[in-house]
Amino acid sequence: MATDGTSRPEDAEPPPELTGEEEFDERSTPNKDLASAIFLGLLAIATMVGSVRLDVPGSVFTAPGLLPFITGLTLLMMTAVLGTRAIRGGAAVGSMAALVGEPFRTLNAFLSGDKNRRTLLLMAIVIAYVLLVAFINFDLRLPTPVFVFQISSYEVISVIMVTWILKLFWKASLLRCFIVTLLTVVALASIFRYGFGILMPETF
Amino acid sequence: MEALLQIQDQLVLIALNPWLLIACLAGVTLGILWGAMPGLSTTMAMTLLIGLTVGMSQSVAIMFMLGVYTGSVFGGAISAVLINIPGTPDAVPTMIEGHALARRGEGGLALGTAISASFIGNWVGIILLIALIPAVLFLALQFRSWEMFLLSLWGIAICGSMASMGDPIKGWISGWIGLLISFVGLDAIHGVSRFTFGSFNLDDGISFIPVLIGLFGLAEILRVLPQKSPPKIPSKVGRVLPSLDALIQYIKPSFRSGIIGTVIGAIPGAGANVASFFAYDVGRRRASEAERRKWGKGSYEAIVCAEVANNANVGGSLLPTLALGIPGNAAAAAILAALQLKNVVVGPLIQVENPGLIYFIYIGLIIANFFMYGMAIALIKPCVKLFSLPKTLLMPLILPICILGAFAVNLNFFDVYVMLISGLVGYVLHRFGFPLAPLVLAVILGPLADENLRRALLVFEDTSILTVLWDRKLGTVLLLIVLYTFYDGIFRRGDRKA
């Protein structure tokens with residue numbers, strides 16, 4: 001609080017506190033915890049079943065599924081604790097209808113947020129980017145008097161996709177986004193290819 | 001004496017090879033610039049640059065990565081002081097104090113104090129690393145399969161606790177997911193295919209480097225890019241270097257914070273973030289009444305405590321990484337990855353299998369520290385210009401590095417898919433409140449735990465539990481530590497939370 005009785009913005013903010021080595025933007029909710037517990041509980045059960053079905057060539061003490069089974073079992077116990085705590089914390093389990101409808105309500109709430117919609121769009125572009133690099137393969141060689149300049153599908157796809165992402169999030173003009181991306185991708189690919197002799201993803 | 005001669009030999013070796021010095025300088029410069037950018041963490045820098053080390057020789061790669069580590073840990077302080085945004089999470093205490101000073105026109109001096117404190121912190125970390133590593137290696141050589149299994153288990157458990165202090169169970173669940181990932185592939189004892197679903201790519205297991213790039217590179221981009229953040233205007237820098245007299249009065253808090261930083265760094269999962277907050281808190285309690293009143297409003301002593309601790313953490317985190325093969329934090333896991341790419345097997349036998357390597361790393365850290373001091377001063381003004389670049393411009397440009405980095409490790413596109421899936425899973429886990437460092441640590445330690453548990457059980461097949469507990473006293477002590485870690489997480493932290 002300032003001496004004149006008005007509060008300054010920097011005074012109003014409480015100093016951040018340590019919550020662990022990693023920081024989180026938002027707190028988890030009981031509903032999220034319950035969803036995690038159910039999903040991970042199923043994963044733990046699947047692991048235990050998969051472990052039991054593995055071959056046991058020697059003694060049971062050296063069975064390949066021994067530690068996976070123990071890990072699955074202990075993970076199941078942990079998810080049980082997480083789920084119980086989430087229910088005690090007020091997770092929506094009042095009726096079966098409420099429980100079944102919860103994932104849809106959560107998804108609805110997630111999609112109604114602007115930030116979440118932007119994240120989903122970004123995820124879709126990133127997935128498309130990786131798949132395009134995987135499935136489109138070409139390698140152009142442009143001989144110059146000094147050396148052979150190579151352009152591969154990785155560079156071309158990277159320029160297109162990153163320009164798109166920049167246009168969406170940076171919101172500068174298309175030309176500016178393109179030039180920044182082109183310079184960065186060419187510099188990066190040149191460092192890897194010419195500087196360190198590392199092949200580009202699509203050159204096989 | 002022998003150690004001194006070895007250090008001298010390595011020093012000559014490095015001095016005769018200018019590429020090593022250039023690699024270190026480049027690493028430090030990249031690290032400072034990266035760390036200074038808000039939202040780009042030390043771990044992200046380390047993981048994305050692993051791919052670049054594929055084309056380097058072993059010694060050049062090590063010098064480069066040590067430079068990046070040293071530089072990026074300090075870099076976070078620059079944006080913390082000048083624009084009130086910590087470049088890395090461990091720079092939060094520096095931000096609280098430093099920006100308050102910057103608003104009073106003392107930003108340059110606050111930064112200068114942070115640079116000097118970082119330099120001192122690195123020295124404390126390096127000296128303690130050199131002093132403690134022989135003892136830890138001696139102890140590690142006594143470990144058999146049972147002890148190695150317990151040590152791996154403890155590493156994952158304590159990492160889970162430290163990464164998510166308010167909710168250790170989520171940290172442990174994250175670690176357990178990592179263990180499940182590590183079991184995929186051919187089992188090391190019988191060669192039985194586990195959880196591969198008929199895929200030949202999965203027979204070799206899931207490499208932890210693309211997982212690391214996905215979790216700390218791609219997931220971070222997905223998290224940070226959609227956030228709207230207005231550009232910040234940097235404070236004026238002014239005079240930078242503090243006087244020697246001003247620094248001398250902080251010797252005691254420096255020494256104390258250096259020890260705190262190194263010890264915390266040596267605990268798996270606890271990194272620079274825990275170290276700087278803890279040293280900051282201890283420093284406030286131990287400060288004089290007059291100094292304590294300045295705490296939170298712009299205290300130079302507070303900056304010293306936080307910066308010494310988070311930089312001493314570098315040396316501390318390398319202690320378990322080199323001596324036991326258990327990374328002290330996610331950034332040290334990236335160092336481990338770079339070493340593994342160069343066929344360096346870290347752990348108790350490091351001195352036998354890679355003679356001279358530890359001394360080379362000591363010298364590398366010392367050189368990186370000197371470069372950090374010089375480059376930090378030189379780079380303050382360029383960094384101020386960089387702050388005008390928004391995250392929405394920087395983050396998309398990192399995406400091609402994620403793909404290249406993941407691919408370069410084994411020249412196999414399957415690793416890029418692993419990176420993509422890890423990034424998406426990492427983002428979801430983060431949104432649901434699960435920390436990511438225990439997952440990475442478990443992917444690294446899983447094979448070690450699996451193989452050693454089964455070997456130990458085979459050895460103990462006809463022995464009673466009591467005999468095992470009595471005969472293997474070191475193992476019994478470790479077992480008690482593991483049980484205490486779980487007890488502490490379940491009961492004591494639960495009480496504190498309530």
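This is a predicted model: local features need pLDDT of at least 70, side-chain atom pairs count only at pLDDT 80 or more; totals for chains, interfaces and linings use all residues.
**Exercise 1. A residue in helix 7 of chain A**

State where A:Val185 is found, and list the residues with which A:Val185 is in contact once its neighbours within four places in sequence are left aside.

*Solution.* Next comes the location, for A:Val185 is found in helix 7 of chain A. When the neighbours within four places in sequence are left aside, the contacts of A:Val185 are A:Glu155, A:Ser158 and A:Val159, together with B:Pro400. Finally, consider the distance along the chain: A:Tyr154 and A:Val185 are 31 residues apart, yet their C-alpha atoms are separated by 9.3 Å.

**Exercise 2. The make-up of chain A**

Describe how many helices and strands chain A has, in what order its elements run, and how its two strands pair.

*Solution.* Start with the count, which is 7 helices and 2 strands in chain A. From the N terminus on, the order of these elements is α-α-α-α-α-β-β-α-α. Strand 1 (residues 139-143) and strand 2 (residues 148-152) of chain A pair in the antiparallel sense, over 5 bridges, and a hairpin of 4 residues joins strand 1 of chain A to strand 2 of chain A. To follow the pairing residue by residue, note that A:Asp139 stands opposite A:Ser152 in strand 2 of chain A, while A:Arg141 has A:Gln150 as its bridge partner in that strand. For the chain as a whole, buried residues make up 35% of the 204 residues in chain A, and among its contacts with a separation of 6 or more, 52% are between residues 24 or more positions apart.

**Exercise 3. Where two chains meet**

Find which residues of helix 5 of chain A meet helix 10 of chain B, and give the classes of the residues in this contact.

*Solution.* First look at the two axes: those of helix 5 (residues 114-135) of chain A and helix 10 (residues 208-224) of chain B come within 9 Å and cross at roughly 145°. From chain A, helix 5 brings A:Thr119, A:Leu122, A:Met123 and A:Val126, which meet B:Leu218, B:Ile221 and B:Leu222 in helix 10 of chain B. Sorted by class, the contact of these two helices has 6 nonpolar residues, 1 polar residue and no charged residues.

**Exercise 4. Helices of chain B**

Compare the end-to-end reach of helix 1 of chain B with the expected value, name its buried residues, and then turn to helix 7 of chain B and its covering.

*Solution.* Helix 1 (residues 2-16) of chain B has 15 residues and reaches 21 Å from its first C-alpha to its last, close to the 21 Å expected at 1.5 Å a residue. Its buried residues include B:Ile7, B:Gln10 and B:Ile14. These residues are on the same side of helix 1 of chain B because they cover an arc of only 65° around the axis. The face turned away from the buried side carries the exposed residues B:Glu2, B:Leu4, B:Ala15 and B:Leu16. For helix 7 (residues 145-163) of chain B, the 19 residues should span 27 Å at 1.5 Å a residue, and the end C-alpha atoms are 27 Å apart, which agrees. Helix 7 of chain B is mostly covered, since 19 of its 19 residues are buried.

Note on methods: Residues are numbered from 1 along each chain as its sequence is written. Chains are lettered from A and ligands numbered from 1 in the order in which they are written. Side-chain values use heavy atoms; hydrogens and water are left out. Axes are lines fitted to C-alpha atoms, for helices over the stretch in contact, and angles run from 0 to 180 degrees between N-to-C directions. Contact means heavy atoms within 4.5 Å. Ala, Val, Leu, Ile, Met, Phe, Trp, Tyr, Cys and Pro count as nonpolar, Asp, Glu, Lys and Arg as charged, and the others, Gly among them, as polar. The expected span of a helix is 1.5 Å times one less than its number of residues. Buried means under 20% relative accessible area, exposed over 50%, partly exposed in between (1.4 Å probe, protein chains only). The arc is that of the directions from the helix axis to the C-beta atoms. Two strands pair if DSSP finds at least two bridges between them.
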